[in-house]
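Work through the exercises below with the coordinates open. Each task is followed by a solution in steps.

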Amino acid sequence: MNEGESWIYGYNPVKESIKSCSKIKAIFIYKNRREHVQDITLMAEEKGIALEFVEKVFFDSKFHKGHQGIAAVIEKKAFVTVDELLKISSYKGEFPFFLILDSIEDPRNFGAILRVADASGVHGVVFQSRRSAGICSTASKSSAGALVHVNLVETVNIKHVMDKIKKSGISIIGAEAGLGACLWDIKMSVPLAFVIGSEGRGLRRTVRERCDVIVNIPVKGKINSLNVSVAAGILIYEALRQRKYSV
């Protein structure tokens, strides 16, 4: 595999990559499962993508469980700039709606968040290049293919991006367990960006201080926090609910 290329694996990530016209170099299929992925083989053949039918050990030696006997080598996803990100909502005639990830380290959580972002119509996701899971085959698999559809900004410092977003008139709402106001009490039918902190540690102090408001998700059980991807989903869909029903 050449520099500038990466692996993806699993049925949905490979299928979504073909549908999105990602630059796929080759698709590898477990030869005993070819009848289960006939739709993918037909799509690949129509687009002239090379297919290779291989033994199961090929996948077991390269990927985590859940590869489903299919993988592909693709050109690495292109990121967007902050300036490009800020224009996306105006193209769609919508209030800006962004997600900023502060050091999400588990690629499965990163992928699950991207899946929510795509499903909910978030205009883009910002993440830091250091101390972050970033783009990898595990994140792609966990996103169920959503990774290829979400606009991504990779930055060396999310605080600089936050400052630029704020100067554009966009409210920044940080999420922190047990701190700030209840999310139901905050107006979200405005241009906004959510900031989600890392697993276990939450938001860094310098990131939290840049937020316009901090919100929490009420919990009633003995466990006082939620998985970060679940929390992201609750926050995002509360914002969608408010936007739908706001006057």
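Buried means under 20% relative accessible area, and exposed means over 50%. The model is predicted.

**Exercise 1. His 123**

Task: Decide whether His 123 is buried or exposed, and list what it is in contact with beyond its neighbours within four places in sequence.

Solution:
1. Locate the residue: His 123 sits in the loop between helix H5 (107-120) and strand S6 (124-128).
2. Compare its area with the cut-off: the relative accessible area of His 123 is 1%, and buried means under 20%. His 123 is therefore buried.
3. Collect the contacts, with heavy atoms within 4.5 Å as the criterion. Apart from neighbours within four places in sequence, His 123 touches Leu 85, Ile 88, Ser 89, Lys 92, Glu 94, Phe 95, Pro 96, Phe 97, Phe 98 and Asn 151.

**Exercise 2. Helix H7**

Task: Find how the buried residues of helix H7 (residues 158-167) are placed around the axis, and which exposed residues the face turned away from them carries.

Solution:
1. List the buried residues of H7: Ile 158, Lys 159, Val 161, Met 162 and Ile 165.
2. Take their arc around the axis: these residues cover only 155°, so they lie on the same side of H7.
3. Turn to the face directed away from the buried side: His 160 and Lys 167 are the exposed residues there.

**Exercise 3. Helix H1**

Task: Identify the elements against which the buried residues of H1 pack, and describe the residue Cys 21 that follows H1.

Solution:
1. The buried residues of H1 (residues 11-19) are Pro 13, Val 14, Glu 16, Ser 17 and Ile 18.
2. Their packing partners include three strands by name: S1 (5-9), S2 (24-30) and S4 (70-75). Helices H2 (38-47) and H6 (137-142) are also packed against.
3. After H1 comes Cys 21, with a positive phi near 65°.

**Exercise 4. The whole chain**

Task: Compare the radius of gyration of the protein with that of a compact globule, then summarise its content and surface.

Solution:
1. For 247 residues a compact globule would have a radius of gyration near 18 Å; the protein has 19 Å, which agrees.
2. The C-alpha trace spans about 55 × 45 × 35 Å along the principal axes.
3. Nine helices and 11 strands are present, and buried residues make up 49% of the 247 residues.
4. Of the contacts with a separation of 6 or more, 80% join residues 24 or more positions apart.
5. The accessible surface is about 12,500 Å², with 50% belonging to carbon and sulfur atoms.
6. The mean positions of the 35 positive and 26 negative charges lie 4 Å apart.

Methods: Residues numbered from 1 in each chain as written. Predicted model: local features only at pLDDT ≥ 70, side-chain atom pairs only at ≥ 80, totals over all residues. Heavy atoms only, no water. Helix = DSSP H or I, 4+ residues; strand = E, 2+ residues; numbered from the N terminus. Rg over C-alpha atoms; globule rule 2.2 N^0.38 Å. Buried < 20%, exposed > 50% of the residue type's maximum accessible area, 1.4 Å probe, protein only. Areas by Shrake-Rupley, 256 points an atom, 1.4 Å probe, with all protein chains shown as cover. Lys, Arg positive; Asp, Glu negative; His and termini not counted. Charge placed at Lys NZ, Arg CZ, Asp CG, Glu CD. Arc of directions from axis to C-beta.
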